[in-house]
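This report looks at a few local features of one protein chain. Please have the sequence and the structure at hand while reading.

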Amino acid sequence: MVFGGVVPYIPQYRDIRRTQNAEGFSIYVCLVLLVANILRILFRFGRYFETPLLWQSIIMIITMVIMLNLCTNVRVATELNTKRRSFIATDSKDEEIKTPKKLFLDFDWTYFWLWSRFVDYLQCVLSFTAVAAYITYLFLDSFLFVETLGFLAVFTEAMLGVPQLYCNYQNKSTEGMSIKMVCMWTSGDTFKTGYFLVTQAPVQFWTCGLLQVCVDFAILFQVYYYSRYPQKPVSHTAHPTSAKAL
């Protein structure tokens, strides 16, 4: 339970390092998992759940940070002409990274989670964690808030496959996506959902687990469909959004 969730990302990580191409992996997958697991840890302060699930969240957060670091380095190295974006405005003397000077945020929603430096992702994650922790501290005595927090945590995780599903649809292909990872995802989510049911975990956990399994099967269907009925390649410029790893 603790390490099973991160195993599927090992083949994708190795593929990206080997090919120096992250176009088949959506970094929004990392965003979804970071938000989901941060909220799950905060949920435990209001309602106890199994300790292995807590450690699973901690390990997953560390894994997603590692994946983000790799994808950011690969993307920036292969897209030298891309305009550099940052989460917090800086006075960087690096001529290659030209970020507009602003009082606090270079916050263009078009480029949210598509920044050029790994440190910007860390700043965003830490800011979200601080705000969420403070709000949780204020409303920890509210039963409605705690239950809603738990639902948001598992529902967000259940949406994990959606960015990859959409990326495959946009590309009309699953090339660059690790099929091994999706298969491991599916088996892991199926086992996890069964574990929730057997251990009588909070209802939010197993209902969203079922939803997550459905999304996994939808991605597997894309693998079958696009391999059997190849679509005409759509010319598109490499874009950071395309960095997806399963």
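## Cysteines

Cys167 is buried, because its relative accessibility is 2% and the limit for buried is under 20%. In this predicted model, Cys71 is buried as well, with a relative accessible area of 0%.

A disulfide is a covalent bond between the sulfur atoms of two cysteines. How many disulfides does a search of the whole structure find? The search finds 0. Cys71, for example, is in no disulfide, and the nearest cysteine sulfur, that of Cys30, is 5.8 Å away.

## Positive phi angles

Most residues other than glycine have a negative phi. Two residues are described here for their positive values: Gln20, with phi near 55°, and Trp113, with phi of about 65°.

Where does Gln20 lie? Gln20 is in the loop between helix 1 (9-19) and helix 2 (28-46). Trp113 also belongs to a loop, the one between helix 3 (51-78) and helix 4 (118-138). Is each of them buried, partly exposed or exposed? Gln20 counts as partly exposed because its relative accessibility is 41%, whereas Trp113 counts as buried because its relative accessibility is 1%.

## Aromatic pairs

A pair of aromatic rings is described by the distance of the centres and the angle of the planes. The count for this structure comes to 12 aromatic pairs. One of them joins Trp113 and Tyr121, with 4.9 Å from centre to centre and 85° between the planes. Planes over 60 degrees apart count as edge-to-face, so the pair of Trp113 and Tyr121 is edge-to-face. Tyr121 is buried, at 1% relative accessibility, and Trp113 is buried too.

Phe139 and Phe145 form another pair, with ring centres 5.6 Å apart. Their planes meet at 35°, so this pair is tilted. Phe139 is partly exposed, with a relative accessible area of 44%.

## A ring cluster and a charge over a ring

Which residues do ring pairs link into a cluster? The cluster consists of Phe221, Tyr224, Tyr225, Tyr226 and Tyr229.

A ring can also have a charge over it, as at Tyr169. The charged end of Lys172 sits over the ring of Tyr169, at 3.8 Å from the ring centre.

Technical notes:
Residues numbered from 1 in each chain as written. Predicted model: local features only at pLDDT ≥ 70, side-chain atom pairs only at ≥ 80, totals over all residues. Heavy atoms only, no water. Disulfide = S-S within 2.5 Å. Buried < 20%, exposed > 50% of the residue type's maximum accessible area, 1.4 Å probe, protein only. Helix = DSSP H or I, 4+ residues; strand = E, 2+ residues; numbered from the N terminus. Phe/Tyr/Trp six-rings, centres within 6.5 Å; stacked < 30°, edge-to-face > 60°. Lys NZ or Arg CZ within 6 Å of the ring centre and 35° of its normal.
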